[in-house]
Amino acid sequence: MARPAPEARPRSLLHPSFIGAGATLLIAGLATDIMYWDTSNWQWANASAWLIAAGLILALIATIALIISFLLVAAAALLSLLNVFVHSRDAWTSVVPQGISLSVIVTILLLTAAVRGWKVTAVRTFAIGDRP
């Protein structure tokens, strides 16, 4: 008896969700602006203000998540550049104590960035036989 293929699950990161939700709210702000233009009902203008404010908050959260990931990788790259200069020394002093300390710090930064997510877009995995 054949086992059913596992269900395809999208793997996504935090910041694309905030980008999508923020964009949806900002686009809804346009829709309520058009409704206000058409009806002159002031509640549509209030709705626009709230939607735009909420969209900006979500965009800010997404931006902060992206900046943190970028800064972690940038710091790891700069420390690795320093580490290559340290490793250009002779023998023991090329590794101990500064070289190994820098390598540990870079590893921690990169693992932290990996947990937060390397990619800007979501990745969808498919089971065997599934069609994209």
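**Close-up views of a predicted helical chain**

**View 1. A look along helix α2.** With 45 residues, α2 stretches 65 Å from its first C-alpha to its last, close to the 66 Å expected at 1.5 Å a residue. That expected span is 1.5 Å times one less than the number of residues in the helix. Keep in mind that this is a predicted model, where local features need pLDDT of at least 70 and side-chain atom pairs count only at pLDDT 80 or more, while totals for chains, interfaces and linings use all residues. Residues are numbered from 1 along each chain as its sequence is written, and side-chain values use heavy atoms, with hydrogens and water left out.

**View 2. The whole chain, for orientation.** You'll find three helices and two strands here, in the order β-α-α-α-β from the N terminus on. Helices (H or I, at least four residues) and strands (E, at least two) are DSSP runs, numbered from the N terminus. Of the 132 residues, 17% count as buried. "Buried" means under 20% relative accessible area, "exposed" means over 50%, and "partly exposed" is in between (1.4 Å probe, protein chains only). The accessible surface of the chain comes to about 9,800 Å², and 72% of that belongs to carbon and sulfur atoms. Such areas come from the Shrake-Rupley method with a 1.4 Å probe; for residues, only the protein chains shown count as cover.

**View 3. The largest nonpolar core.** Five residues make up this core: L72, A76, V106, L109 and A113. A nonpolar core is a set of buried Ala, Val, Leu, Ile, Met, Phe, Trp, Tyr and Cys residues joined through side-chain atoms within 4.5 Å. The elements giving two or more residues to the core are α2 (42-86) and α3 (98-116), and α3 gives the most, with three. Now zoom in on L109: leaving aside its neighbours within four places in sequence, L109 is in contact (heavy atoms within 4.5 Å) with L72, A75, A76 and L79.

**View 4. N83, tucked into α2.** Is N83 buried or exposed? N83 lies in helix α2 and counts as buried, because its relative accessibility is 9%. Apart from neighbours within four places in sequence, N83 is in contact with G99, L102 and S103. Other buried residues of α2 include S48, G55, L58 and V86.

**View 5. A nonpolar patch on the surface.** W92, V95, V96, I100, V104 and I108 form this patch, with about 570 Å² of accessible area together. Patches are made of residues with over 30% relative accessible area and no salt bridge; like charges are joined within 9 Å, nonpolar side chains (Val, Leu, Ile, Met, Phe, Trp, Tyr) within 5 Å. A salt bridge is a side-chain nitrogen of Lys or Arg within 4 Å of a carboxyl oxygen of Asp or Glu. W92 is found in the loop between α2 and α3 and is exposed, with a relative accessible area of 64%.

View 6. Most residues other than glycine have a negative phi, and most peptide bonds are trans. S40, in the loop between α1 (14-39) and α2, has a positive phi of about 60° although it is not a glycine. A91 sits in the loop between α2 and α3, and its phi is near 40°, also positive in a residue other than glycine. S40 counts as exposed at 56% relative accessibility, and A91 is exposed with a relative accessible area of 64%. Finally, a cis peptide bond joins V96 and P97, with omega about -10°; P97 lies in the loop between α2 and α3.
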